[in-house]
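Student: Hi! Could you go through this one with me, a bit at a time?

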Amino acid sequence: MKVGDRVRVVQSVEVYHHPEHRRKKLDIQGMEGEVIEIVNNWQGRPVSANFPILVKFEKKFRAHLREDELE
C-alpha cells in the first residue's frame with residue numbers, strides 16, 4: 001500500500017469525528033477513499049503508530065486506520 005492508492009474499509013470501524021455526524025457513532029465499513037500519508041516518522045524521528053495509514057474519504061473527513069482494515 002502506498003500514497004495515492006484507492007482503498008475501501010473492509011472491517012467494521014466506528015468513528016465519532018465525521019463532520020456530518022458529530023459526537024455520534026458512525027460505522028465507516030464499505031467507505032472508499034485515498035491514502036494520503038503513511039505515518040512512520042514524526043519530527044524526523046521514527047515512530048511505530050498504532051494506526052499508521054491516513055485515508056481521505058471526503059473533502060473534510062480523514063481517518064487513521066490499520067492496514068488490515070483496508071483493501
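Student: Is glutamate 14 buried or partly exposed, and what is the relative accessible area?
Tutor: Glutamate 14 is partly exposed, with a relative accessible area of 45%. Keep in mind that this is a predicted model.

Student: Which residue forms a salt bridge with glutamate 14?
Tutor: That is lysine 25, and the closest N and O atoms of the pair are 4.0 Å apart.

Student: How many salt bridges turn up in the whole structure?
Tutor: A search finds seven. One of them joins arginine 6 to glutamate 32, with 4.0 Å between the closest N and O atoms. That pair links distant parts of the chain, as arginine 6 is in strand E1 and glutamate 32 is in strand E4 (residues 32-38), 26 residues apart.

Student: What are the accessibilities there?
Tutor: Arginine 6 is exposed, with a relative accessible area of 58%, and glutamate 32 is partly exposed at 46%.

Student: Which residues are linked with them in a network of salt bridges?
Tutor: The network consists of Arg6, Arg8, Glu32 and Glu71.

Student: What about arginine 66, which residue does its side chain meet in a salt bridge?
Tutor: Aspartate 68, at 3.2 Å from N to O. Arginine 66 is partly exposed at 30% relative accessibility, and aspartate 68 is partly exposed too, at 45%.

Student: Changing topic: which residues form the positive surface patch?
Tutor: Lys56, Lys59, Lys60 and Arg62 form the patch. Arginine 62 is placed in strand E8 (residues 61-65) and is partly exposed, with 44% relative accessibility.

Student: Where does glutamate 20 lie?
Tutor: In the loop between strand E2 (14-15) and strand E3 (26-27). Glutamate 20 is exposed, at 65% relative accessible area. Its C-alpha atom is 14 Å from the one of alanine 63, a residue 43 positions away along the chain.

Student: Last one: where in the chain is confidence lowest, and where is it highest?
Tutor: Confidence is lowest in strand E5 (residues 41-42), with a mean of 88, and highest in strand E1 (residues 6-8), at 97. The chain averages a pLDDT of 93, and 100% of the residues score at least 70.

Terms used:
Residues are numbered from 1 along each chain as its sequence is written. This is a predicted model: local features need pLDDT of at least 70, side-chain atom pairs count only at pLDDT 80 or more; totals for chains, interfaces and linings use all residues. Side-chain values use heavy atoms; hydrogens and water are left out. Patches are made of residues with over 30% relative accessible area and no salt bridge: like charges are joined within 9 Å, nonpolar side chains (Val, Leu, Ile, Met, Phe, Trp, Tyr) within 5 Å. Accessible areas come from the Shrake-Rupley method with a 1.4 Å probe; for residues, only the protein chains shown count as cover. Lys and Arg count as positive and Asp and Glu as negative; His and the chain ends are not counted. The place of a charge is taken as NZ of Lys, CZ of Arg, CG of Asp or CD of Glu. Helices (H or I, at least four residues) and strands (E, at least two) are DSSP runs, numbered from the N terminus. Buried means under 20% relative accessible area, exposed over 50%, partly exposed in between (1.4 Å probe, protein chains only). pLDDT is the predictor's confidence in each residue, from 0 to 100.
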